[in-house]
Amino acid sequence: MLSIDPNMNSERDNYKFLIGSIIPRPIAFVTTLSNDGVLNGAPFSYFNIVSSNPPMISISIQRSEGNQKDTARNIFATKEFVIHTVDEDNVNLVNKTAATLPPNQSEIEIANLTTVNSEKISVPGVKEAKIRFECVLEHFLELGDNGQTSCDFIIGKIVRYHIEEYLYNNGRINQQRLAAVSRLAGTNYAQIGEVFSIERPN
């Protein structure tokens with residue numbers, strides 16, 4: 001087995017090891033509003049559950065050469081955002097929003113996604129997602145090494161769920177109908193595939 005010191009790796013090498021090893025990763029499609037009212041949309045696969053009481057989820061947004069991305073900047077400014085699930089039906093549209101655009105251009109318009117008003121926050125969501133979470137900012141951490149910030153780690157508290165009715169049954173989500181997709185390495189994605197169960201020990 002190889003034994004590798006991450007401090008001897010370049011940032012790119014560490015990135016490749018991580019995205020190739022920690023798979024599959026769920027994808028958060030995040031909408032935010034700029035101070036100028038531009039609706040931004042971007043996908044992130046450094047995404048997960050933090051807590052169920054209260055319900056909180058996290059996204060980690062990597063900076064580019066130390067520069068904060070629009071999503072992180074907007075969340076820090078407005079303290080609101082919407083996270084959407086990415087599935088087999090909307091993944092191609094979401095992929096279009098990964099293009100690098102100036103802050104005054106909306107990825108939502110480029111991808112021809114349909115906006116829908118939120119109930120608890122001012123940031124709109126998109127209709128093409130089967131599940132979306134209206135979130136308010138709980139924690140915003142700037143992370144990095146040697147005094148240089150390389151990542152904005154964001155924890156949001158969910159203030160409203162929106163779930164397509166045909167997915168919902170007795171408090172549970174039908175994972176087959178959701179048909180979520182996940183990120184692997186490079187340009188590769190994964191579908192749910194075969195599911196198996198293992199009973200937990202007492």
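Visitor: Which element gives the largest share of the lining of the second largest pocket?
Guide: In this predicted model, strand E4 provides that share, with five residues.

Visitor: What is the volume of that second largest pocket?
Guide: The second largest pocket has a volume of about 840 Å³. It is lined by 30 residues, and those closest to its centre are Pro-26, Ile-49, Thr-85, Phe-133 and Leu-178.

Visitor: Which elements give two or more residues to its lining?
Guide: They are strand E1 (25-26), E4, E5, E6, E9, E10 and helix H5 (175-178).

Visitor: And how does the lining of the second largest pocket divide by class?
Guide: There are 21 nonpolar residues, eight polar and one charged.

Visitor: Back to E4. Where does E4 stand in the sheet?
Guide: The sheet is open and has seven strands, in the order E3-E2-E6-E9-E10-E5-E4, with antiparallel pairing. Strands E4 (47-52) and E3 (39-44) stand at its edges; each has a single partner strand, so one side of each lacks a neighbour in the sheet. On average, neighbouring strands are turned by 35° against each other, direction ignored.

Visitor: How many bridges join E4 to E5?
Guide: Five bridges join E4 to strand E5 (residues 55-62), and the two run antiparallel. Phe-47 stands opposite Ile-59 in E5.

Visitor: What holds paired strands together in general?
Guide: Strands of a sheet pair through backbone hydrogen bonds, in either a parallel or an antiparallel manner.

Visitor: New topic: which strands does helix H2 lie across?
Guide: Helix H2 (residues 70-78) lies across E2 (28-33), E3, E5, E6 (80-85), E9 (131-145) and E10 (148-163), and runs at about 55° to E2.

Visitor: Which residues of H2 are buried?
Guide: Asp-70, Thr-71, Ala-72, Asn-74 and Ile-75 are buried. The buried residues of H2 pack against E2, E3, E5, E6, E9 and E10.

Visitor: Now the largest pocket. How much space lies in it?
Guide: About 1,800 Å³ of space lies in the largest pocket. Its lining comprises 50 residues, and Tyr-15, Tyr-46, Gln-62, Arg-63 and Lys-69 lie nearest its centre.

Visitor: Which element gives the most to that lining?
Guide: Helix H1 (residues 11-21) gives the most to the lining of the largest pocket, with six residues.

Visitor: What classes of residue make up the lining of the largest pocket?
Guide: By class, 20 of its residues are nonpolar, 20 are polar and ten are charged.

Terms used
Residues numbered from 1 in each chain as written. Predicted model: local features only at pLDDT ≥ 70, side-chain atom pairs only at ≥ 80, totals over all residues. Heavy atoms only, no water. Pairing = 2+ DSSP bridges. Helix = DSSP H or I, 4+ residues; strand = E, 2+ residues; numbered from the N terminus. Axes fitted to C-alpha atoms, helices over the stretch in contact; angles between N-to-C directions. Contact = heavy atoms within 4.5 Å. Buried < 20%, exposed > 50% of the residue type's maximum accessible area, 1.4 Å probe, protein only. 1 Å grid on protein atoms, 1.4 Å probe; cavity = no way out; pocket = protein on both sides within 12 Å on 5 of 7 lines; lining within 4 Å. Points joined across faces, edges and corners; volume = space filled by probe spheres on them. Nonpolar A, V, L, I, M, F, W, Y, C, P; charged D, E, K, R; others polar.
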